[in-house]
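Have a look at the model below.

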Amino acid sequence: MAKSPKLEFDVGWDLSPAPESTDHINLKGQYDLFINGKWTKPSSGKYFKTVNPANEKVLAEIAEANEKDIDKAVQAARKAYVEVWSKMPAAERGKYIYRIARLIQERAREFAVIESMDGGKAIRESRDVDVPLAAGHFFYYAGWADKLEYAFPNRRVHSLGVAGQIIPWNFPLLMAAWKIAPALATGNTVVIKSAETTPLTLYKLAEVIEASGIPPGVVNIVSGAGETGAAIVNHPDVDKIAFTGSTGVGKIIQRAVVGTNKKTTLELGGKAANIIFEDAPLDQAVEGVINGIYFNQGHVCCAGSRLFIQESVSDLVLRKLKDRMESLIVGDPLDKNTDIGAINSKEQLGTINHFIKTGKDEGAEMYQNSCSLPDKGYWCRPTLFTNVSQSSKIVQEEIFGPVLAVQTFRTIDEVISKANNTPYGLSAGVWTDKGSKIFNLTSQMKAGIVWANTYNKFDPTSPFGGYKESGFGREGGLHGLKPYLKI
Ligand code: NAI
Ligand code: MG
């Protein structure tokens with residue numbers, strides 16, 4: 001149940017629970033692999049459980065794919081590529097992709113509820129962000145399928161073959177859409193693996209793909225943990241690897257494909273800086289900072305996890321920030337009033353708590369929202385640290401949780417050098433009234449995406465990706481077609 005916040009100004013009432021109904025969802029007790037258009041038992045006979053992180057209840061048992069199963073999936077994808085998909089007129093391919101987009105829209109409520117149950121994110125986010133954007137990516141790339149000659153004028157383009165795709169648990173359906181839609185639009189076939197804690201919406205997507213009538217083998221959906229992912233990466237008949245996840249695994253993958261013909265895109269971690277200048281609209285900036293770090297429990301690679309406030313307004317901004325934090329509702333992901341849902345897994349909660357302890361040990365000052373947390377499940381209060389230095393672990397390392405590290409600055413040059421002082425380079429945010437400052441910063445920040453006077457805005461037409469240890473390659477937009485083509 002959503003716990004109502006303790007506000008400084010007591011509103012005098014509690015918000016009534018407003019849970020989204022689960023009556024309309026259709027979940028099986030067990031999911032098999034989706035290979036060559038058929039629901040296929042794993043050759044090992046092994047299944048693992050996926051739980052709801054908000055109450056620790058088992059939702060379903062999921063097939064664990066091993067090397068043999070991956071080989072089967074890759075063979076199916078190859079056969080579909082050679083015999084059907086690469087020969088099909090592009091406009092026909094586009095029709096299937098449009099159909100997938102429409103079917104996701106038709107089942108949007110079911111997708112949103114299952115996404116929140118399996119991964120812990122607030123229903124407001126899965127309903128208003130994840131699912132509509134996932135459908136949007138299929139719509140957008142469906143449109144490109146028969147227009148590739150306009151995307152790359154005077155160049156000849158050719159599909160690659162079989163794409164192996166590995167996705168994380170923070171945006172399960174959306175990451176699948178980011179990867180499957182451009183691969184299909186460019187004429188490739190797919191073997192995709194979900195993350196081990198969030199396999200369900202990918203198997204719901206398999207039902208959509210089945211219903212779309214797309215030829216068997218064009219999209220194969222599997223599940224399992226790191227070993228299963230490695231079997232995809234190391235399969236000799238895969239032409240392209242697309243990965244989103246930790247920098248550590250990204251490095252393993254890069255080493256594994258050296259000396260092969262596999263093309264790769266890696267979308268890795270981040271430690272984004274959000275910068276507030278004294279001339280910024282401060283309330284709007286505070287709202288953006290809150291959204292930037294606490295959206296999806298901070299399980300976002302582009303989360304604005306470092307905040308830099310210009311010294312002249314730092315006391316004021318900090319006070320506003322703490323007041324706003326105090327009003328955030330942490331609780332049942334299915335409740336429509338909830339701002340912050342459950343941490344995705346026990347392991348991730350352990351990681352986050354470890355960082356919080358490190359912050360305290362390093363002498364930083366901690367502030368947390370004072371709400372009470374449910375007894376069962378994995379929860380973390382929105383947290384901020386002040387009195388941190390550039391070398392603090394919580395400033396340098398990706399936490400992937402609702403933990404913000406706050407620093408101050410005096411001059412533009414100082415904040416640029418501080419913001420760029422990180423091994424990552426995915427995203428950044430800048431808040432100011434002055435256009436010239438925005439241009440100055442966007443050109444000097446080493447980040448793939450810079451948001452100005454807003455944060456965490458996504459659109460299928462806009463490319464996304466990073467520099468340095470945040471990986472390489474772009475997803476979304478016209479740029480997102482390139483990694484799936486020989487040009
Ligand atoms: P992870 O990188 O281990 O998992 C991501 C995906 O890679 C999962 O599907 C996993 O099964 C697969 N995988 C794991 N080992 C593999 C291997 N050797 N070969 C191929 N695939 C493999 O990330 P994890 O452990 O779930 O999270 C750890 C940290 O990674 C987080 O705390 C966060 O800092 C970061 N992370 C970043 C993400 C992003 O969006 N950039 C997403 C998820 C995690
Ligand atoms: Mg789960």
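Predicted model: local features only at pLDDT ≥ 70, side-chain atom pairs only at ≥ 80, totals over all residues.

Q: What makes both faces of S15 count as covered?
A: Thr-383 and Phe-385 on one side, and Leu-384 and Thr-386 on the other, are all buried. Buried means under 20% relative accessible area, with over 50% being exposed and partly exposed in between (1.4 Å probe, protein chains only).

Residues are numbered from 1 along each chain as its sequence is written, chains are lettered from A and ligands numbered from 1 in the order in which they are written, and side-chain values use heavy atoms, leaving out hydrogens and water.

Q: How do you know that S14 and S15 pair?
A: Two strands pair if DSSP finds at least two bridges between them. Four bridges join S14 to S15, and these strands run antiparallel. Met-366 stands opposite Phe-385 of S15.

Q: In which sense do S15 and S16 pair?
A: Their pairing is parallel, over three bridges. Here Leu-384 stands opposite Leu-404 in S16.

Q: What makes S14 and S19 edge strands?
A: The open sheet has seven strands in the order S14-S15-S16-S13-S12-S18-S19, with mixed pairing. S14 (365–368) and S19 (449–452) each pair on one side only.

Q: Why is His-137 called buried?
A: His-137 has 3% relative accessibility, so it counts as buried. This residue is found in helix H4 (residues 123–144).

Q: What makes the link between the side chains of His-137 and Trp-178 a polar contact?
A: A polar contact is a pair of N or O atoms within 3.5 Å; within protein, one must be able to donate a hydrogen and the other to accept it, and residues adjacent in sequence count only if both atoms are side-chain atoms. The contact joining His-137 and Trp-178 is 3.0 Å.

Q: How is the packing of H14 and H15 described?
A: Two packed helices are described by the angle between their axes and the distance between the axes. For H14 (residues 412–420) and H15 (residues 435–444), the angle is about 35 degrees and the axes are 11 Å apart. Axes are lines fitted to C-alpha atoms, for helices over the stretch in contact, and angles run from 0 to 180 degrees between N-to-C directions.

Notes. Helix = DSSP H or I, 4+ residues; strand = E, 2+ residues; numbered from the N terminus.
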